[in-house]
Amino acid sequence: SLLEEEVKRLQSEVRRQEGDVERAKGAVSTLDGERDSMLGLLDEKTEAVRVLEDKVSDLTKRHQQALSDTAAGQQQSEMLRQALEEREGQVAALKRHVAQLSDETKQMELISHAKTEEARVLTAD
């Protein structure tokens, strides 16, 4: 009968759609697994990026400190160089003064010797 044929056709269509639903559920399950896997990879990559950002930050701070230390060292070096030049000037001035005193001492010795000789000659007469 026509009704039986229609029921069979509808039952066949229902089975076909149930098969389609099962295949769609399988595809969804596969996609869920792939999504979970990708989220896990994303979490790993995000953590790796965070670690690298921390390293970059640390290295940047260390670089800035090294630049600061270098500048301070250069400043200290310049100050020491200036102090050394000043000391060298003082040493040169002291050497000139010592030479002057030595010359004066020699002159005094000559005068003293001449006066001693003059006194000896006067007392001998």
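Here are legends for a handful of close-up views of this predicted model.

**View 1. G73, a residue within helix 1.**
Start by finding G73, which sits in helix 1, the run covering residues 2–124. Now look for H63, which is 10 residues away from G73 along the chain. The gap between the C-alpha atoms of G73 and H63 is 15 Å.

**View 2. R23 and D20 joined by a salt bridge.**
Zoom in on R23 and you'll find D20 as its salt-bridge partner. How far apart are the closest N and O atoms of this pair? They are 2.3 Å apart. Both residues belong to helix 1, and they are three residues apart, so about one helical turn separates R23 from D20. R23 counts as exposed, because its relative accessibility is 53% and the cut-off for exposed is over 50%. D20, with a relative accessible area of 31%, is partly exposed.

**View 3. The salt-bridge network around R23 and D20.**
Which residues are linked in the network? They are E13, R16, D20 and R23, connected by salt bridges. The R23 and D20 pair from the previous view, with its 2.3 Å separation between the closest N and O atoms, is part of this picture.

**View 4. E47 and R50, side chain to side chain.**
Here the side chains of E47 and R50 come together in a salt bridge, with 2.6 Å from N to O. Once again, count along helix 1: E47 and R50 are three residues apart, which means about one helical turn lies between them. What about exposure? E47 is partly exposed at 39% relative accessible area, and R50 is also partly exposed, with a value of 39%.

Why is the separation about one helical turn? Because E78 and R81 are three residues apart in helix 1. E78 is partly exposed, with 32% relative accessible area. R81 counts as partly exposed too, at 36% relative accessibility.

Notes: Residues numbered from 1 in each chain as written. Predicted model: local features only at pLDDT ≥ 70, side-chain atom pairs only at ≥ 80, totals over all residues. Heavy atoms only, no water. Helix = DSSP H or I, 4+ residues; strand = E, 2+ residues; numbered from the N terminus. Salt bridge = Lys/Arg side-chain N within 4 Å of Asp/Glu carboxyl O. Buried < 20%, exposed > 50% of the residue type's maximum accessible area, 1.4 Å probe, protein only.
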